[in-house]
Amino acid sequence: MVLVQRLVDFALFVLCVLAIVSVGAAALRRLALFGLSRLEQVTLSLGLGALVVAYSILLFGFLGWLHRTVFYLWLGFCYAVGATELVRLWRAKHFPPPFSEAWGDLTRTERCWVWWLVALNLLAMVLCFVPPWQFEWDSLSYHLAVPKLYWMEGRIHYIAFSHHAQFPMTAQMLYLLGLGLTNLKSAAVAKLFHWLFFVLCQLTLLSWGVAVSGRSFQLGITAAVLFASLPLAFTEAVTAYVDLATTAFGLLCLFCLCRYHHQPDGRWLLLSGLFAGATAGTKYTGLLLLPLLVLFSLWAMKRIGERHWFALVVSALAALAIAAPWYVKNWLWTKNPVFPFAYGIFGGRNWSAEMALTYTLSNREFGGSRDLLALLSLPFNLSLNEVRFGRCAREWMGRCPQRRTCRMRWKCGKFDNQDVPSLTIGILPLALAPTAIVAAIGEGIPFAVTLPTLTMLAWFVWWFWEVQYLRYLLPALGCLAVLLGWGVSRLVGRGLLTTVIVRVTITVGLGYALLVAVWQAAPLLPVAIGLVPDEEFLRETTPIYRVAEFVNSALPRRSVIATYGVPLGYYFERRYFWADSGHNRLIRYERLQGVRDLVREWERLQVSHVIIDWAFVPRESELGRWIEEGKAQGLVETVWEEGSREVLEVARRRKP
């Protein structure tokens with residue numbers, strides 16, 4: 001039965017991908033760009049199609065049309081408008097070759113790299129069939145949980161308890177499609193969409209060789225392989241996060257700008273604008289691309305001596321139009337287009353200045369400090385930060401002012417919540433960066449490499465000063481892959497010793513990345529292929545799943561649950577909200593005097609049950625004391641308890 005479900009999920013995903021490519025190819029055909037290779041056609045069609053389908057789901061959600069019948073009809077429409085283009089992509093023989101080299105021109109070593117790339121992608125795809133578990137924290141809390149709430153309601157609506165629900169969610173619209181097609185029986189299709197963006201990143205990097213003089217196959221292959229070798233990118237590919245979607249759309253935006261410089265046609269600017277808007281529609285950090293789009297377009301026009309002013313204006317307007325729905329939605333629902341950020345400028349519904357400051361500080365707790373010492377240590381820390389045993393740069397070098405008193409030791413010095421090999425960038429970026437720098441000094445950097453390099457530097461400056469959370473750096477790492485790929489392509493063949501050193505370095509780095517991927521995949525593969533039941537796996541690895549099993553089986557369907565210390569609500573099939581004071585202001589805790597005031601607030605919000613995890617809510621806290629008083633007074637009573645997690649029922653009849 002599990003294997004049948006896996007096959008059904010995979011068939012649904014293939015159905016969606018073909019529909020996406022079909023409608024994307026139809027949209028690309030309307031632009032009538034000439035001289036495109038089949039590789040570029042597929043890559044651009046995939047990007048455009050994902051954009052069209054995602055925004056269609058957004059429209060259906062606003063109209064209250066979230067239903068499987070609507071989704072199937074829409075996929076059928078995508079086939080109807082693009083079936084001819086899909087067949088043409090498959091059968092046509094007139095596409096020009098993308099590169100000056102062919103497969104036969106690659107060395108055996110480079111062909112091994114390609115097969116390694118194929119194997120890694122297949123392994124990541126298989127792991128997408130593992131149900132979302134404790135390691136996929138953000139998926140369980142909002143990347144998948146929010147689309148599930150939309151589906152259960154039948155429409156996209158204001159979710160007051162989670163500020164994450166107000167983030168741009170273009171990628172999550174595809175996850176909503178995947179969840180809806182399976183009627184919430186499986187999250188595999190949704191997770192496969194993020195894997196698809198992993199593939200799209202590689203296709204875009206492979207296509208980059210077309211944008212340089214000489215149409216270098218070696219540059220494209222090397223850039224794609226180097227990006228896929230990042231353990232962090234592989235980890236992201238097997239879960240339903242959004243950073244690979246941001247990276248894919250950002251790379252497509254820059255690729256189209258590079259193609260405009262190589263082939264001066266204003267329609268490339270339009271495509272670049274569409275993808276820039278899509279980048280801003282997946283994550284707030286994507287807004288960085290909007291000013292860069294204008295600046296780089298002006299620079300490209302100056303270099304080629306063309307003045308496509310109308311195309312530039314249309315490109316900028318297209319970018320704003322694509323990004324706008326998410327920011328307008330926020331303005332209408334929270335009075336802040338970038339909620340919960342910029343609170344000092346816009347304010348925000350169910351938010352406060354104190355919560356905004358706390359949120360900002362929590363984001364800046366990751367990584368090291370923002371001084372010269374931290375900057376100099378970054379190359380080593382980013383490459384192999386798991387060997388530092390959780391020590392930040394200052395502590396490692398004996399200069400930590402809070403060495404014995406730091407309360408954030410679990411986070412200090414880390415670029416994620418854990419120091420593990422799968423959450424690093426591996427050894428290749430550091431090993432090959434000097435190579436690329438030497439090549440740049442010797443030959444100068446072409447425009448198609450300069451553009452992503454400048455974007456990488458701008459992104460890195462923002463990341464270093466604001467949020468040193470490693471996965472936020474993925475778009476910059478995608479740009480770095482272009483620079484490294486170009487550097488390798490320029491130095492390989494210049495001499496036997498140089499060639500051997502570079503190829504051995506890359507091969508060793510790929511071997512390390514494969515070991516990390518296998519280490520990560522080994523305990524999950526039995527679940528992915530159905531040898532271990534999903535329920536058994538989740539009970540052992542994801543404690544909240546056991547709570548959800550009780551909630552879904554024992555509580556009435558009309559129950560409303562307030563959770564404390566329990567943000568992972570994806571598996572709940574009852575209405576719930578985060579009641580913790582730090583998430584929202586649905587309950588004004590500063591006004592409460594005791595447990596009876598708290599119970600009255602619960603009743604106002606129609607709360608019938610409370611879930612609390614005492615591992616995150618100290619029993620000696622004010623809330624903990626109130627709940628104990630409520631039990632003594634008969635205001636609440638325990639109906640389920642396991643470990644640190646407890647389910648309470650709000651008593652209907654209070655004791656006098």
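Which residues line the second largest cavity? In this predicted model, local features require pLDDT of at least 70 and side-chain atom pairs count only at pLDDT 80 or more, whereas totals for chains, interfaces and linings use all residues. Residues are numbered from 1 along each chain as its sequence is written, and side-chain values use heavy atoms, with hydrogens and water left out.

The second largest cavity is lined by Leu226, Phe227, Leu230, Leu428, Pro429, Leu477, Leu480, Ala481 and Leu484. Two or more residues of this lining are given by each of α9 (217-228), α19 (428-443) and α21 (helices being DSSP runs of H or I of at least four residues, numbered from the N terminus). The largest share, 4 residues, is contributed by α21. The lining comprises 9 nonpolar, no polar and no charged residues (nonpolar: Ala, Val, Leu, Ile, Met, Phe, Trp, Tyr, Cys and Pro; charged: Asp, Glu, Lys and Arg; polar: the others, Gly among them). The volume of this cavity is about 60 Å³.

The structure contains 4 cavities of 30 Å³ or more (a cavity being a set of points on a 1 Å grid over the protein atoms alone where a 1.4 Å probe fits but cannot get out, with lining residues having an atom within 4 Å of a point; grid points are joined across faces, edges and corners, and a volume is the space filled by probe spheres set on the points).

The largest cavity has a volume of about 70 Å³. Its lining includes Thr246, Leu254, Trp459 and Cys479. At least two lining residues come from each of α11 (243-262), α20 (447-465) and α21 (474-491), and α11 provides the largest share, 5 residues. By class, 6 residues of this lining are nonpolar, 5 are polar and none is charged.

Technical notes: On a 1 Å grid over the protein atoms alone, a cavity is a set of points where a 1.4 Å probe fits but cannot get out, and a pocket is an open set with protein on both sides within 12 Å along at least five of seven lines; lining residues have an atom within 4 Å of a point.
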